[in-house]
Amino acid sequence: MTQLRCENITVSFGGVVACNNISLEVPTGKIVGLIGPNGAGKTTLFNVLSRFQDHDSGHIYYRDQDIDRKKPHQMVELGMARTFQNINLFGEQSTLDNILIGAHHLIGNPFADMFSLPAARRTERSLVQRANEIAEMLHMQDELDTLVKNLPYGYRKRVELARALASQPELILLDEPVAGCNDEETDELRGIVQRLNRELGITIFLVEHDMSMVMNVCDYIYVINFGSNLADGTPAEVQANADVISAYLGEEHDDAA
Amino acid sequence: MVAAARTSAPIANRQAVAALKARFAQQNWIFAGVLFALLALVPLLPVVEGWMATQAALVIIYILAAQGVSVLTGHTGLVTVGHGGFLAIGAYTSALMSHYLGADLLSGMICGGLMAALIGCLLGLIFLRLAGAFMAIGTLGFAFFIGTIVNNVPIFNGRTGFSLPPNNLFGVIDIGDFGFYYVCLVTLALMTLFMYSLVRSGVGRAFKALRDAEKAAQSSGVNRLFYRTLAFTISAFITGVAGALNGHIVSFVSAEVYADIWYSVDILVAAIVGGSAMLFGPFIGGVFIVMVPFFFEELADFSFILKGIVLIGVLMLAPAGVADVAARPFRAMRQRALAQAGGATAREHGRTGGSPGGAE
Ligand SMILES: Nc1ncnc2c1ncn2[C@@H]1O[C@H](COP(=O)(O)OP(=O)(O)OP(=O)(O)O)[C@@H](O)[C@H]1O
Ligand SMILES: [Mg+2]
């Protein structure tokens, strides 16, 4: 079964065509990677898939259901969670509070909740309990009560992941989860992503520039360049693809120039 | 970091944290309990006269009105410059009921609050797409709109206004200055209890999430339309109740005062000077806004200037308000204790880089 599929997605910002006829699919239970040079349109496509960005044409299907008109806040009910490339956290709140917001759709009746009725208090306790478990799984149980603004950058990326997990998702979209992490943190996060996939059966769709991460964890990889599909295949196939090599070499040439 | 090095510690840590949190909550309750006990007992002293009780009731009305603002501006991040509009709606609803139907204080307060909540709900829907300065301008326009209506629509009697019968409650024909004070005090206690519950609930978390990390909130299932409208509704209800009391405190309601923008300004200044994102902020703000003109009675113009100076000073030196400054050492102490009890290590790893979460 496919967890998530998009067909011929096109998005343009004024004159800039950020996504040009992109099609891809994420099979249930797999780890799929999305790579491409800077500005290729990866984040824009993620925004389309999570409904933060409207697409000019094309279709998105979640478990074969058309979700072209869903609102961003409805995605989590379907089972899709995401993290943001530019971390989106409450700096003044603790790690725990940041994780708890991820469980928002599980709070039940908001009117019972805001009056702290007994049922709402029970729900809250169980959500806190689950937030603790998630923190433990991500090796950050020690930092639950630390304010996020006091955490190192690599940790904040992990808080984002924890928040996404708190919604009990079937699918998580990760936008550059190890950007800004050192080697040790990257290794740790790679292990975590694999565990989420193998032990909890969560489907993962991942944008990442760190090739060691992408090539090691992904079952399948899509490459996009200038907003268009460039190639796709297993990590080995993609690494051997001449177009992909030249796209990345071209980028390096640009960087050097 | 070595994962194996911390295996059994977390459970003990979590228990220590839970115990600490329980203790902090207990301290909060004791503090609030002592405060309200004092507020309830002091008027029983023989030196306290009726006009003093009325002055204290006025402070409470401003605290309530500022609590309404704090829901919207402090917790949800939507700046409102027009809450005088909700104050007027509460005041006129209750006044009309009292004047024409002889309704008592309690039903006036409830209906005043509900009417304001209804209008607040509509306003939340209309202002869905407004943010920042545009929200401020929109709410200001709303206050002018309400002002124009009470000034021109005949049933509101324009600047002539109408006077209200003595405040009656539960069959008591005139509850007097002290009775009125206690009605205000009980209302304040209930509202404060509700605010305490709200800001700690999942709903309060959603409000704050919309304020600080809107995308994260939405991707977590927070329906922006619903929660913004809810914040508007709750905020309007609280200020509407304050408005009902505000009409009854002088037993007179007219467009002379309610068509003016000064109530909106005073309520906002009270909320901001006190600290609109803190439970205790409106208390400080309410005292400030009532006491300044009280002490500068002969120098009315000077009291306006003083309010302005204090507002600017607070915005420059302590944008989160006086309560935030006062609470800072306590909060830092608690935060440190919690982080330590939880076993915080991240800061020892160094590399505290980048800016805290915020805009994408
Ligand atoms: N809101 C926007 N308005 C205008 N242009 C935009 C907007 N968002 C993205 N773009 C443009 O669309 C293109 C694709 O951007 P996008 O952020 O999707 O790239 P990316 O593949 O995620 O890059 P990176 O690897 O640097 O994160 C870029 O040229 C970018 O400047
Ligand atoms: Mg990107």
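These are my notes on the interface between chain A and chain B and on one helix of chain B.

I'm working from a predicted model, where local features need pLDDT of at least 70, side-chain atom pairs count only at pLDDT 80 or more, and totals for chains, interfaces and linings use all residues. Residues are numbered from 1 along each chain as its sequence is written, chains are lettered from A in the order in which they are written, and side-chain values use heavy atoms, with hydrogens and water left out.

**Interface.** I looked up contacts (heavy atoms within 4.5 Å) and got 54 residues of chain A against 55 of chain B. The buried area (accessible area, 1.4 Å probe, that two parts lose on being put together, summed over both) is about 4600 Å², with 52% from carbon and sulfur atoms. On the chain A side, A:M114, A:D142 and A:D145 lose the most, together 15% of what that side buries.

**Salt bridges.** My cut-off is a side-chain nitrogen of Lys or Arg within 4 Å of a carboxyl oxygen of Asp or Glu. B:K21 forms a salt bridge with A:D145, closest N and O atoms 3.1 Å apart.

**Helix 7 of chain B.** I took helices as DSSP runs (H or I, at least four residues), numbered from the N terminus. Buried here means under 20% relative accessible area (1.4 Å probe, protein chains only). In helix 7 (residues 202-212) of chain B, 9 of the 11 residues are buried, so it is largely enclosed by the rest of the structure. Among them I noted B:R205, B:F207 and B:K208. At the helix start, a side-chain oxygen of B:S201 comes within 3.2 Å of the backbone nitrogen of B:V203.

Conventions
Buried means under 20% relative accessible area, exposed over 50%, partly exposed in between (1.4 Å probe, protein chains only). Helices (H or I, at least four residues) and strands (E, at least two) are DSSP runs, numbered from the N terminus. A polar contact is a pair of N or O atoms within 3.5 Å; within protein, one must be able to donate a hydrogen and the other to accept it, and residues adjacent in sequence count only if both atoms are side-chain atoms.
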